[in-house]
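The entries below follow the order in which I checked things.

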Amino acid sequence: MKPSSLRARLTLIILPPLLIISLIAGAWQFHNTTLRAESIFDKGLLSAAIAISRDVALSDGDAISPSTRRLLADTSGGTIFYHVFAPDGVFVTGYSTPPLVPSMAPKGLTDAYYYNSVYQGENVRVLRFQDVTVVSGIAGIFNITVWQNASVRSSFVRNVLSRSFAVIAALVMSVAIVVWFGVRLGLRPLLELERAIAKRTPSELEPIRRAVPTEAQGLVTTLNGLLNRVSRRISSKDEFISNAAHQLRNPMAGVLALAEAVTTAPNPKTAQRRSAELLQAAREASDLTNKLLSFERASGTDVSASGSRIDLNVLIANTVSAFEQNHPERNLKVTPDLPDESLFVQADQTMLQEAMLNIFSNSLVHGGPGLRQIWVKLRKSGDATAEIVIQDDGVGIAEDRHIEALSRFSQAGGGPGSGLGLAIAARVLKNHGGQLSILPSARGAAIKLSLPLPGT
């Protein structure tokens, strides 16, 4: 289970590697200290052996000098024992029973030979030192054996390591304390940012303009981007609600007036006529409501979540078929012009089909009585875009009215309709990363839908 506190998480992230490094440093210190202790104490044994050899030669084996005795009594923290015997095996001076020499020890004249042994039940470190000298007229190789209790070395290693580990432990604890309290100080700007955000009201969506650490600038930038999108979304919804209320007021008032007129009809024939008018008004109000809902849905479509890989050839053929089935009473022909090669896009199939149906319906409503045909042409523009051009042979849209034709609740030429058809289609194309534009045309209206191809 991960700790919920960022400070605890950072502490847990930093301390384990530090502890591992400390253990490695401790192991290295133990190895190094052990080697140093062996070197120091072995050199002490060698110094003692050389001093004994000198004194034995000077005194003919009778005595050891006071300086050498002091050296033997307290060399590197422990007493050194010694034994000297002549080339013929005769005991010269020192302790009578030295530690046994291992069988693997060299037999002839050699350099200093160190080995571990046991003396009176204690582990000892032993040096056999051979020196060619003359004592009381006897010349040859004299064997000088010196030894010291091994516990002296162990005590030395323990003392050095205890001090080293104490320093390492103090450093680890110091780092832990610094991290624990340092992280809190480092997070203070974020805590201040949190308090500043908490003071905001739902209506305060302005960008955050507060100095933050470099590591948090990306977070603040992302949050400002979110606030900007939310602000624009809320503004769009407020505008939509205002426009919807304005546009629905008159149709609903008309429906209410016609309903009252039906109840006050002087005779059945008048009531039947007024009922037909009421039904038509209700249908127009329902169509306007559906258009408003479609526009709002188009505004909130997330193509990355709801989109799928769509073959535009198949989509256009299905849309043309659906439109012709919905309007069998009109003598209107819709002719698709599709390429042999399929073009695939990432899109919301339902919304893209509704966008094209709205353009077809717009031609049907505003194309005039001379409207007879609609052409739908699909082409690939370069390597990046698929283009759908929908053109009719109706009255067309004046070039100076293109912007008005794409605006919500407005119409370039007046007449029936909600004024939302092209606006819905334009919003759908925008959410797909594409664009809707009205092309100049000498005959009828020409609407171009541009959609990005995958991988661009």
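In what order do the 5 strands of the open sheet stand? I note at the start that this is a predicted model. I read the order as β2-β1-β5-β4-β3, with antiparallel pairing.

I looked at the edges next. β2 (91-94) and β3 (113-119) stand there. Each has a single partner strand, so one side of each is left without a neighbour in the sheet. I also looked up the angle between neighbouring strands: on average they are turned by 25° against each other, direction ignored.

I reminded myself that strands of a sheet pair through backbone hydrogen bonds, either parallel or antiparallel.

Entry on β3 and β4. I found 7 bridges joining β3 to β4 (residues 122-135), and the two run antiparallel. Ser 117 stands opposite Val 124 in β4.

Entry on β1 and β5. Strand β1 covers residues 80-85 and strand β5 covers residues 138-149. I noted 6 bridges between them, again in the antiparallel sense. Which residue in β5 is the bridge partner of Val 84? I found Ile 144.

Entry on β1 and β2. These pair in the antiparallel sense over 3 bridges. I looked up His 83 and found that its bridge partner in β2 is Gly 94.

Last, I checked the hairpin of β1 and β2. It has 5 residues between the strands. In this hairpin Gly 89 takes a positive phi near 85°.

Notes:
Residues numbered from 1 in each chain as written. Predicted model: local features only at pLDDT ≥ 70, side-chain atom pairs only at ≥ 80, totals over all residues. Heavy atoms only, no water. Pairing = 2+ DSSP bridges. Helix = DSSP H or I, 4+ residues; strand = E, 2+ residues; numbered from the N terminus. Axes fitted to C-alpha atoms, helices over the stretch in contact; angles between N-to-C directions.
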